[in-house]
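Biologist: I have a model open and would like to learn how to read it. Please take me through the features one at a time.

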Amino acid sequence: MSATQATCLIDCHNDLGEGLAWDAARQTLWWVDISGQQIHRLAQEVHTFWDVPVMPSALAPRRSGGVIVAAHGGLYTFTPDEGTGLAFEQAVEIDLPFNRSNDGGADPQGRFWFGTMQNNLAPDKNPVSIADDQGTLYRREKNGAITPVIKGLGIPNTLCWFEDRFYFGDSMQGVIRCYTYDPIDGHLSDGRDFIHYDRGVPDGSAIDAQGYLWNARWGGGCVARFAPDGSVDRIIDVPVPNVTNCCFGGPDLTTLYITTAARETPNAPAQAGGLFAVQTDIKGMADATCDD
């Protein structure tokens, strides 16, 4: 097992950086600051961010450009280059106004998946305890319909697909599970525990071309690479404690980008909340693109 240190690429001071996605067609990296209510983009080495009126938590590239965004209260599209900015698409969980979205991503067939959770952020963005596991994992079908997939979630995180496998975690339970995935209809079956690891708790993940899972560890100051049998293969150390998400990008998909959070970090290091990166010797899987 080898160890590597990630370095800060952009000292963007995200309060709760999350939602990384790489648009391979446009060589563009997207991410969000949930509690900071911002959408960030890195394109041709230019970093741009936009303030938005809702808390965005996850996004995925769209074939026509821009991204689809899961945010507090529903789904949106964001196409800044067309001048339209954040546009409302549809409401989600209108009967649960104290829920919010969390992690999400596109499956290889172009459907957008996202999880919800009881909101752990007060209106002033101070932390609030989660009292109930009332989150749900949803799948946005190609026709726009929203299908509930898994209910009773605490903090949904990690959505990764590889061949016939789907990886999904609940940070409240501290476990990532592996499911058999049907690409035709998105149906999940045969869920089983994949990893329990005691360095921090599981947050967002990426998958590489060898089928290994790279998982950001909140409170653990690292990204851990797990083999298909669940064993730890290597550790990427990050010099801040709250590591939130990761994805592969760059021209050859060998750069691992990593988001972090400045919140809930006593005596936070100067680069907490920054975007980090590390060059790997392994090629990642390109993030899928959503159908419009």
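Biologist: Where does Asn 245 sit?

Modeller: Asn 245 is part of strand E23. Strands (E, at least two residues) and helices (H or I, at least four) are DSSP runs, numbered from the N terminus. Before we go on, note that this is a predicted model, in which local features need pLDDT of at least 70, side-chain atom pairs count only at pLDDT 80 or more, and totals for chains, interfaces and linings use all residues. Residues are numbered from 1 along each chain as its sequence is written, and side-chain values use heavy atoms, with hydrogens and water left out.

Biologist: Is Asn 245 buried or exposed?

Modeller: Buried means under 20% relative accessible area, exposed over 50%, and partly exposed in between, with a 1.4 Å probe and protein chains only. Asn 245 has 3% relative accessibility, so it counts as buried.

Biologist: Which side chain does Asn 245 join in a polar contact?

Modeller: A polar contact is a pair of N or O atoms within 3.5 Å; within protein, one must be able to donate a hydrogen and the other to accept it, and residues adjacent in sequence count only if both atoms are side-chain atoms. Here the side chains of Asn 245 and Glu 18 are joined by such a contact of 2.9 Å. For plain contact, the rule is heavy atoms within 4.5 Å. Leaving out residues up to four places away in sequence, Asn 245 touches several residues, including Glu 18, Asp 103, Ser 205 and Tyr 257.

Biologist: In what order do the strands of the open sheet lie?

Modeller: Two strands pair if DSSP finds at least two bridges between them. The open sheet has four strands in the order E2-E25-E24-E23, with antiparallel pairing. Strand E2 (7-10) and strand E23 (243-249) are the edges, each pairing on one side only.

Biologist: How many bridges hold E24 and E25 together?

Modeller: Strand E24 (residues 255-260) and strand E25 (residues 275-279) are antiparallel over five bridges. Thr 259 stands opposite Leu 275 in E25.

Biologist: Which strand is paired with E15?

Modeller: E15 is joined to strand E16 (residues 165-170) by six bridges, and the two run antiparallel. Across this pair, Pro 156 faces Asp 170 in E16. Seven of the seven residues of strand E15 (residues 156-162) are buried, so the strand is largely enclosed by the rest of the structure.

Biologist: What is worth checking about phi?

Modeller: Most residues other than glycine have a negative phi. In the hairpin of E15 and E16, with two residues between the strands, Glu 163 takes a positive phi near 55°. Gln 27, which is not a glycine, has a positive phi of about 50°. Gln 27 belongs to the loop between strand E3 (17-23) and E4, and at 32% relative accessibility it counts as partly exposed. Asp 190, also not a glycine, has a positive phi of about 55°. Asp 190 lies in strand E18 (residues 188-196) and is exposed, at 55% relative accessibility.

Biologist: Which residues touch the most other members of the largest nonpolar core?

Modeller: A nonpolar core is a set of buried Ala, Val, Leu, Ile, Met, Phe, Trp, Tyr and Cys residues joined through side-chain atoms within 4.5 Å. The largest one has 18 residues, and those touching the most other members include Trp 30, Ile 39 and Phe 78. Strand E8 (67-71) is among the elements that give two or more residues to this core, and E8 gives the most, with three. A second, separate core has 17 residues, among them Ala 6 and Ile 282.

Biologist: How many aromatic pairs are there?

Modeller: Rings of Phe, Tyr and Trp (its six-membered ring) pair if their centres lie within 6.5 Å; planes under 30 degrees apart count as stacked, over 60 as edge-to-face and the rest as tilted. The whole structure holds 16 aromatic pairs. Trp 50 and Phe 78 have ring centres 5.2 Å apart and planes at 75°, so this pair is edge-to-face. Phe 78 is buried, with a relative accessible area of 2%. Phe 114 and Tyr 138 form a stacked pair, 5.5 Å centre to centre with 25° between the planes. Both Phe 114 and Tyr 138 are buried.
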